[in-house]
Amino acid sequence: MSIEVNGIAHIQLTVNDTAQCIPFWEDLCHFLQMKTLIRSDETVYCIGSRTGIVVRGAPSHKRPRAFDQETAGLHHLCFRARSRDDVDAVHTFIAGHPGACIVHAPEEGGWAPGYYSVLFEDPDGLRVEVNFVPGQGHFG
């Protein structure tokens with residue numbers, strides 16, 4: 001027996017620099033038209049578009065450990081956009097956000113025909129991608 005899941009309910013990320021990362025993620029989620037459900041100095045939980053993002057501060061004794069994209073764990077998170085213009089809008093938003101680092105500006109190429117994406121990092125170095133794939137993508 002198998003089931004078909006209905007998407008991902010939420011992604012929980014752990015950050016070291018809560019002073020920069022919590023506002024960064026809340027701003028990004030609001031830009032993506034998500035709403036804040038829970039907010040404190042150590043946590044933000046935003047929901048919308050059938051997606052939930054939880055960002056929490058690491059325990060203080062573990063904060064000296066930096067994020068390493070090349071070890072076991074999260075490599076990056078990718079949001080699906082509805083158009084190329086949306087990818088461009090995210091790029092403009094991120095380019096003006098303090099603490100963010102753009103890995104690559106919007107570019108075409110990648111995993112499917114017409115794949116268009118921007119890649120950036122939050123203040124802790126967690127990588128985030130926003131992509132658009134025209135038509136049915138791999139299902140076309």
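**Contacts, core and pairs**

Student: Which residues is threonine 18 in contact with, leaving aside neighbours within four places in sequence?
Tutor: Contact means heavy atoms within 4.5 Å. Neighbours within four places in sequence are left aside. The residues that remain in contact with threonine 18 are Pro23, Asp41, Glu42, Gly57 and Arg63.

Student: Which atoms do the side-chain values in this model use?
Tutor: This is a predicted model: local features need pLDDT of at least 70, side-chain atom pairs count only at pLDDT 80 or more, and totals for chains, interfaces and linings use all residues.

Student: Is threonine 18 buried or exposed?
Tutor: Threonine 18 lies in helix H1; helices (H or I, at least four residues) and strands (E, at least two) are DSSP runs, numbered from the N terminus. Buried means under 20% relative accessible area, exposed over 50%, partly exposed in between (1.4 Å probe, protein chains only). Threonine 18 has a relative accessible area of 10%, so threonine 18 is buried.

Student: What distance separates the C-alpha atoms of threonine 18 and glycine 57?
Tutor: Along the chain, the two residues are 39 residues apart.

Student: Which residue forms a salt bridge with glutamate 42?
Tutor: The closest N and O atoms of the pair are 2.5 Å apart. Glutamate 42 sits in the loop between S2 and S3, its partner in the loop between S4 and S5, so the bridge ties together parts 21 residues apart in sequence. Glutamate 42 is partly exposed at 33% relative accessibility. The partner, at 24%, is partly exposed too: arginine 63.

Student: Which residue does arginine 84 meet in a salt bridge?
Tutor: The N to O distance is 2.7 Å. Arginine 84 lies in helix H2 and its partner in strand S6 (residues 101–108), so parts 24 residues apart in sequence are tied together. The partner is glutamate 108.

Student: In the salt bridge of arginine 127 and glutamate 121, is glutamate 121 buried or exposed?
Tutor: The closest N and O atoms are 2.8 Å apart. Arginine 127 has a relative accessible area of 22%, so it is partly exposed. Glutamate 121 has 17%, so it counts as buried.

Student: What kind of pair do phenylalanine 24 and tryptophan 25 form?
Tutor: Both residues are buried. Their ring centres are 5.8 Å apart, with 85° between the planes. The pair is edge-to-face.

Student: What kind of pair do phenylalanine 31 and phenylalanine 93 form?
Tutor: The ring centres are 4.4 Å apart and the planes are at 15°, so the pair counts as stacked. Phenylalanine 31 is in helix H1 and phenylalanine 93 in helix H2, 62 residues apart. At 33% relative accessibility, phenylalanine 31 is partly exposed. The kind of pair is stacked.

Student: In which strand is isoleucine 38 found?
Tutor: Isoleucine 38 is partly exposed, at 44% relative accessibility. Leaving aside neighbours within four places in sequence, it is in contact with Thr43, Val44 and Tyr45. Its strand covers residues 35–39. That strand is S2.

Note on methods
Residues are numbered from 1 along each chain as its sequence is written. Side-chain values use heavy atoms; hydrogens and water are left out. Rings of Phe, Tyr and Trp (its six-membered ring) pair if their centres lie within 6.5 Å; planes under 30 degrees apart count as stacked, over 60 as edge-to-face and the rest as tilted. A salt bridge is a side-chain nitrogen of Lys or Arg within 4 Å of a carboxyl oxygen of Asp or Glu.
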